Amino acid sequence: MKRFKIRFIKFDGVGMSTIKDVAKLAGVSLGTVSNVLNARNAVNPEKVRRVQEAIEKLNYKPHEAARSLKTSRTMNVGVVLPDIIDPVKSAIFTGVERVLSQHGYTVSLYTTSDIPAKENAVIERILNLRTDGLIISTCQPENIQVFEQLAESGTALTFIERAAKEGEYHLVEFDNYSSVFRTASEIIESGITDILLITGPSQYSNEQQCIDAYRKACSEAGNANIKSAVLSINYNKENSFRHFTKYLQRNSLPGAVICTGTPLVHGVIKALDMQAVEHESLPQLYSLSEENWAEVPVGDFFRIARRPITLGEKAAELLLEEIESNTAFDSKHLKIRNMPAEDNTGKNIHSGSEGNTSLKILMLNSPSFRALKNLVPDFRKKYGIDLQFDSFEYSELSSIINDPELRNKFDVFQVDIPWLTELAQSGALLNLSGYIENIEPIADTFIPGVLSAYSEYEDGIYAMPFMFGTQLLYYRRDLFDDPSNKLMFREKYGFDLNIPKTWAEYNLISEFFTRSINPESPVMYGTTLGGKIYSGAVCEFLPRMWAYGGEILDKNGRAAHDRSAIVKALKIYTESYRYAHPDSADYWWDEQVHEFISGNAAMMILFIAHATDLADLTDSDIVGKIGYDVIPGGCPMLGGWSIAVNSESENKDEAIDFIKWAVSKELAIPQTILGGSTASISLYKSSELLSIYPWLPKALESFKTSRKRDISKITTHGKLSEKDFEIILGEAIHKSVRGELSPEAAVEEAFTKIELKL
């Protein structure tokens with residue numbers, strides 16, 4: 001079958017000329033061209049002549065349908081903002097709405113979460129509704145074509161805070177450059193030489209101005225000892241908390257921190273609090289903020305107050321001037337001056353005293369461990385107990401946990417949930433039921449059903465849920481929605497490109513998006529895989545086997561007689577390696593994530609505990625392009641870990657304090673932002689977190705159908721241990737995916753070894 005690629009091209013006129021081309025050739029602004037096209041009065045005759053000559057020379061054909069729609073006003077204006085959580089953004093909208101409503105206009109608010117696809121959808125809606133004007137804080141300042149389309153349609157346009165990369169448009173912004181330059185200069189003059197600047201994404205003009213001002217202040221100070229650094233991150237308190245916490249792990253405490261907005265400084269303050277930095281050691285904090293007499297202060301910092309309501313009012317006035325004027329207009333650039341920095345008195349960030357008790361903690365080297373370790377100062381502050389951590393990779397941790405002599409060196413250890421039964425049976429774990437008073441209130445903080453799955457053995461509680469994980473399908477929504485890809489897929493396979501519901505569909509779609517097979521694929525690989533021996537291979541294979549109805553052991557603990565479904569699943573899984581990176585058989589989940597966020601693959605099956613980086617603009621190239629759903633076949637594996645107390649520990653009370661802290665509701669959101677994955681239900685009810693990690697509700701849906709791998713509950717008191725089972729099955733799977741054995745031979749080899757153990 002012949003492969004082809006369909007390209008969709010928007011024709012602005014014969015010769016593909018645009019309104020931007022006309023403005024450039026005529027030497028006038030886009031606004032002037034728009035005035036001429038829309039027959040506004042009093043346009044300078046010389047400019048009219050130049051525009052008309054440029055139109056004729058370029059053979060430019062205006063969008064007549066769009067022009068005809070603008071013959072009358074709708075009395076509606078759109079306002080597009082990243083969010084209204086930031087007090088500055090909500091105050092800007094207040095100012096816009098106040099002015100426009102006084103002139104009889106209805107104002108429609110749209111938020112984009114700084115996702116270009118959402119912004120494009122909003123602009124398309126605004127064009128379809130014939131909205132008279134648009135005030136926008138854009139998340140795609142480089143997308144000149146869409147702004148030209150607005151100008152061509154006759155829609156009045158005013159930018160706030162973030163300027164378009166090209167073109168002449170109204171812009172109203174705060175004078176952040178002057179404020180940051182003055183603040184940084186004053187800090188340096190006071191004798192502080194270690195200064196950190198935290199900004200939003202540098203692609204936005206308002207943030208880049210702050211960076212430029214900061215660097216100029218540092219360079220003009222003439223002090224070779226100045227240590228300057230910039231963190232340019234997603235503009236929210238969650239990313240500020242995450243990246244500043246990581247900064248503190250790598251660097252000494254700065255003498256001063258300048259933030260370009262209230263959400264960023266709040267994230268810094270929370271990080272300092274969780275790191276238990278002593279009050280006298282705190283850096284001086286400065287932040288661009290908002291004018292608000294009734295603000296409840298959060299932490300000590302110097303506020304550089306801005307006037308967002310005034311900015312909104314000025315933006316609305318400029319827009320009205322363009323909408324209602326029949327005369328030519330030139331683009332205007334207004335700067336709203338900020339207030340001088342003022343002290344914002346608030347609660348002190350304090351630390352507690354440390355005691356003499358020291359706990360030894362054994363954990364898996366994972367994002368959740370690293371997230372928890374970053375928060376340890378908070379534990380020391382509250383309990384005065386020192387913590388000593390040892391972390392290992394999966395196989396090493398398994399060996400230590402299963403060796404009584406090695407594990408008894410630790411007070412607390414992390415337990416993979418399939419290990420719980422064997423460890424509880426052997427007496428290695430402390431039954432927490434008799435130690436934790438009023439255990440029901442703690443249980444109520446978890447996702448319903450998690451405590452049973454992660455903690456219970458017979459009639460006791462032997463651990464606490466720590467790292468919640470179920471599998472989800474993550475896919476490139478932009479690739480699945482692309483009309484060209486849809487048509488090519490249907491031409492090749494005879495059915496529509498949709499989210500795969502079966503593993504056979506998953507492989508077909510993976511094949512389609514693998515460039516070595518389909519040269520027209522926009523990505524290198526159809527899928528990522530993490531088949532690292534032993535756990536990775538087992539966790540990816542079993543959901544496929546379950547989907548086909550396969551079972552390795554029957555309910556009586558005997559090896560299954562019918563193995564056809566197991567062979568079929570292994571064939572499907574082995575085939576999938578044709579559509580993944582050649583090194584995938586040795587990938588762990590971290591490598592999978594890197595492959596996906598680098599834009600190299602179309603799909604990925606992943607435990608949600610490893611998905612945090614998908615939403616981080618500093619790490620991911622595909623933020624805003626990701627879709628998510630339950631995995632094909634509908635039989636996800638329940639992953640995740642618990643934390644347990646060694647029954648031989650001499651510090652049982654202190655160890656229980658540590659566990660209660662580590663799984664507490666208060667730690668759920670900070671831990672998740674830093675890369676962890678908790679079982680606290682509060683996380684899944686947080687509107688702020690759901691805006692960053694929108695797949696969390698889908699994880700709850702997946703949890704309801706997730707299955708555990710728990711051989712010990714089938715065999716009699718662990719005749720076939722979990723470790724034995726995983727090694728045997730993992731080795732057989734590896735031989736199949738590497739082509740060393742056929743799927744049939746690999747399954748037969750695995751069953752031979754399993755039957756010997758039984």
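The legends below describe close-up views of a predicted model. Local features need pLDDT of at least 70 and side-chain atom pairs count only at pLDDT 80 or more, while totals for chains, interfaces and linings use all residues. Residues are numbered from 1 along each chain as its sequence is written, and side-chain values use heavy atoms, with hydrogens and water left out.

**View A. Packing of helix 5 against helix 12.** Helix 5 (residues 87-102) packs on helix 12 (residues 308-324) at an angle of about 40°, and their axes are 7 Å apart. Helices (H or I, at least four residues) and strands (E, at least two) are DSSP runs, numbered from the N terminus. Axes are lines fitted to C-alpha atoms, for helices over the stretch in contact, and angles run from 0 to 180 degrees between N-to-C directions. The crossing of helix 5 and helix 12 is right-handed (the near helix is turned clockwise from the far one by less than a right angle). Contact means heavy atoms within 4.5 Å; residues that meet include Val88, Ala91 and Ile92 in helix 5 and Pro308, Ile309 and Leu311 in helix 12. The contact of helix 5 with helix 12 has eleven nonpolar, two polar and three charged residues (Ala, Val, Leu, Ile, Met, Phe, Trp, Tyr, Cys and Pro are nonpolar, Asp, Glu, Lys and Arg charged, the others, Gly among them, polar).

**View B. Packing of helix 23 against helix 24.** Between helix 23 (residues 535-547) and helix 24 (residues 564-576) the angle is about 125°, with the axes 9 Å apart. Helix 23 is thus oblique to helix 24, and their crossing is right-handed. Ala537, Glu540, Phe541, Arg544 and Met545 of helix 23 make the contact with Ile566, Ala569, Leu570, Tyr573 and Ser576 of helix 24. Seven of these residues are nonpolar, one is polar and two are charged.

View C. Strand 3 (residues 133-136) and strand 4 (residues 156-160) run parallel and are joined by four bridges; Gly133 has Ala156 of strand 4 as its bridge partner.

**View D. The aromatic pair of Trp419 and Trp641.** The structure holds 34 aromatic pairs (rings of Phe, Tyr and Trp, its six-membered ring, with centres within 6.5 Å; planes under 30 degrees apart count as stacked, over 60 as edge-to-face and the rest as tilted). Trp419 and Trp641 are edge-to-face, at 5.3 Å centre to centre and 85° between the planes. Trp419 lies in the loop between strand 15 (412-416) and helix 17 (420-426) and Trp641 in strand 22 (residues 638-645), so the pair ties together parts 222 residues apart in sequence.

Technical notes
Angles under 35 degrees count as roughly parallel, over 145 as roughly antiparallel, 65 to 115 as roughly perpendicular and the rest as oblique. Two strands pair if DSSP finds at least two bridges between them.
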